[in-house]
Every structure is written in C-alpha cells, then in structure tokens.
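Let's take a walk through this model together. Have a look at the fold before reading on.

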Amino acid sequence: MIIGVILILVAIIILLLVYNMSIHKKIESFNNLNQKVTNLNILQDFMDTISKTSSVDEKINQINDIIVERYQVKYSTIVVYDGTKYVVRASNVDKKHWDTLSNLQAEEIFKESIQTSIPKYVTVENENERLPYQKMEFARARSAMFFPLYIDNVYIGYWLIESNVPHDFDSIDTTILEVVRSNIVAILKTVQNQKIIESIVRDDKYSELKTAEYLYGEGRKIIDQYTTSTVCLIKITNLEDINEDISRKTGDVIITKVCETIKSNLSDQYIFVRYMGPKFAIVFSGIEMKAVYEFMKQIKEQVEAIEIEPVDVEFEDEENVLAKPKINVIISTYYKGTALEGVLKKLEDYLDNADKDENKISEL
C-alpha cells in the first residue's frame with residue numbers, strides 16, 4: 001500500500017515536472033515572440049526617424065534616445081570618424097566625458113575588437129575599480145559593451161553602451177544588440193548622403209540666395225510641415241542675350257535686381273533659391289497652385305518692369321540701350337513625402353525644352 005502511494009506521488013511529481021517544462025517553454029516562446037515584436041517596433045521607430053525631415057545630427061540623436069529608452073540601457077554613445085578625427089555624434093553622457101569617449105579606438109583593450117568586428121565586454125569586480133578606458137571618473141560606469149561600426153567593410157567608428165552596475169551585461173542577449181548595431185550602421189549609411197547635401201549648401205554671390213541643395217536639407221523641414229505645397233521654377237529667358245549683347249556684369253546686375261524684387265514680396269515661410277544658371281526655384285509651403293498663379297502674375301509684371309543701364313560697356317550716343325529681363329514661369333504641386341527633386345526636374349525639363357521666346361506662366 002505504501003509502495004502504491006509512493007508510485008502515485010512519483011507519477012504526480014513527474015506529471016508536474018512535465019507540465020512545468022511545458023509552461024516554461026510556452027513562456028520562453030512568448031518572451032521570444034514578444035522580443036521579436038519589440039525589435040520590430042524599435043526598427044520601425046528607427047525607420048520613422050530616418051524619414052523625418054530633420055537634420056542628420058537630429059536623426060542620430062533621436063536614434064540614440066530610442067536605444068536608451070527602449071532597451072533600458074543607462075548610457076549610449078555613437079562615435080563616428082568625420083574624415084579628420086573621431087567625434088561623438090550622439091550620447092546621453094555628460095559632455096565633460098566626451099573627450100574620453102571619442103578616443104576609445106586608441107585604447108588597447110578595444111583594438112582587437114576593431115580588427116575582428118567582435119564586440120568587447122568589460123566590467124569591474126567591485127565598486128572601487130574603474131573601467132580600463134576611464135581616466136578621471138569612477139562612479140559613472142562600471143560595465144560596458146563596445147561595438148565597432150563598419151560601412152562596406154570600412155571601420156567608421158563605434159557604439160558604446162554602459163551601465164553603472166558591475167556585470168550588468170553578463171546575461172544580455174547580444175543577438176539583439178547585434179541587430180541594433182546593424183540598424184545604426186544602416187542609418188549612418190542612409191543619412192550620409194543627406195550630410196553631404198547639407199554641407200555643400202552655399203550662398204550665391206549675385207542673387208544672395210541659398211543654392212538648390214538647401215531645398216533638400218534645411219528647407220525641406222519647413223516645406224514638409226504642410227501636406228501640399230506649390231513649386232515654382234523661374235527662368236530669365238534672355239539672360240544669355242544680355243550677357244552677350246550688352247555685358248556679363250550687366251547680366252549679373254539683372255540677376256541681383258530680379259532676386260531682390262521677388263524676395264521683397266515673399267513670406268519667410270516660402271523657400272527661394274538659385275536653382276541653376278538663369279533658373280530660380282520658389283517653394284510656396286502650404287499654398288495652393290491657384291493662389292500662386294495669381295501671385296506670380298504680379299511678380300512677373302514687377303520683374304519685367306526692371307530696366308538696367310549697361311555696366312562696364314559703352315554704346316553709340318544715339319543708342320538708348322537698357323537691359324530688361326524676361327521670365328518664363330512654370331508651377332506644379334508637391335505632395336509631402338514624395339520626391340521634391342523629381343518635381344523640380346520635371347519643371348526644369350519643361351523650361352529647357354520651351355521655345356526661347358516663350359514668356360508666360362504655365363502649370364504642370
């Protein structure tokens with residue numbers, strides 16, 4: 001009888017063990033699924049950040065904020081080589097530590113990690129120690145993981161996460177962090193072209209306007225505050241004739257006067273740039289095409305009323321030579337989130353292929 005009871009108890013224990021194992025697997029499966037969903041949501045946050053009409057620096061800082069908040073790490077720092085030195089592109093660490101954080105590639109403890117692309121984990125054993133790369137600080141970080149970053153197999157910097165708790169990353173899932181590292185690299189690669197565009201914006205000498213690149217960086221932040229806007233491309237159709245028949249300096253003055261006339265009528269929310277040569281672009285943020293058409297009729301009248309006496313050239317006394325600009329105007333609608341450069345190219349193609357004597361306002 002006792003043996004029978006024992007056998008029953010053993011059977012119950014075995015059943016409970018099997019049941020517990022089943023529950024554990026289900027919980028583990030749920031946790032894995034939950035982690036995958038979390039990672040997908042974070043990846044979506046990353047992609048949303050890339051698509052926002054903000055500067056490169058703002059985007060990288062937003063990505064770093066997402067890492068700190070969603071992965072619950074104490075400190076996160078992204079360092080990138082800018083062509084001359086390593087610079088902190090994003091960090092939630094106090095700036096007084098940035099000199100140290102921007103020179104970790106020189107630390108012996110991380111050199112192998114950079115060469116092999118394998119993350120390096122460092123920690124202290126007690127609170128009286130400090131991490132090898134720390135110079136003057138003790139309490140801020142007691143464990144860290146270093147992730148070298150590469151674009152097309154070229155080392156471009158690193159991502160560092162830190163904790164103020166010793167051994168805090170002992171059991172962390174490095175697979176997830178590898179995914180984050182890949183996303184950081186993808187984002188740096190994606191915004192690389194935007195950074196180039198932002199850095200080549202110039203002020204044009206004669207028009208005193210920004211060059212066309214401004215539209216695709218800082219200007220776009222203003223434009224994309226609205227769902228639709230109207231894009232206008234203006235061409236001084238007789239600028240080449242003025243340059244050849246009168247003088248180049250007269251043509252330069254024509255450009256200056258035309259731009260002054262247009263600019264004096266524009267609101268600050270409208271973006272006005274020198275597009276290329278005799279062509280100028282205006283983006284009327286949030287304004288419908290019909291209103292722009294009426295506005296440009298008035299602008300066209302004012303511009304074509306300009307008269308400039310020849311500069312650095314003399315004509316016969318009986319000749320009354322004056323330079324008078326003629327413009328051709330084409331307008332179209334731009335929708336937020338679509339290719340602004342595509343709209344401008346379409347307008348440019350129209351002006352370039354229009355009859356040389358065409359002198360009107362057209363819509364596309």
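Here is a short tour of the sheet, its helix and its aromatic rings.

A quick word on ground rules: this is a predicted model, where local features need pLDDT of at least 70 and side-chain atom pairs count only at pLDDT 80 or more, while totals for chains, interfaces and linings use all residues. Residues are numbered from 1 along each chain as its sequence is written, and side-chain values use heavy atoms, leaving out hydrogens and water.

Start with the open sheet, where five strands line up antiparallel in the order β2-β1-β5-β4-β3. Helices (H or I, at least four residues) and strands (E, at least two) are DSSP runs numbered from the N terminus, and two strands pair if DSSP finds at least two bridges between them. At the edges are β2 (86-91) and β3 (120-123), each with a single partner strand, so one side of each has no neighbour in the sheet. On average, neighbouring strands are turned by 20° against each other, direction ignored; axes here are lines fitted to C-alpha atoms, for helices over the stretch in contact, with angles from 0 to 180 degrees between N-to-C directions.

Now zoom in on β1 (residues 75-81) and β5 (residues 154-163), an antiparallel pair with six bridges. Thr-77 sits opposite Leu-160 in β5. Helix α4 (residues 108-116) packs on the sheet and touches β3, β4 (143-151) and β5, contact being heavy atoms within 4.5 Å. The direction of α4 makes about 40° with that of β4.

Finally, the rings: there are twelve aromatic pairs. Rings of Phe, Tyr and Trp (its six-membered ring) pair if their centres lie within 6.5 Å, and planes under 30 degrees apart count as stacked, over 60 as edge-to-face and the rest as tilted. Tyr-86 and Tyr-155 have ring centres 6.1 Å apart and planes at 45°, so this pair is tilted. Tyr-86 lies in strand β2 and Tyr-155 in strand β5, 69 residues apart, so to speak linking distant parts of the chain.
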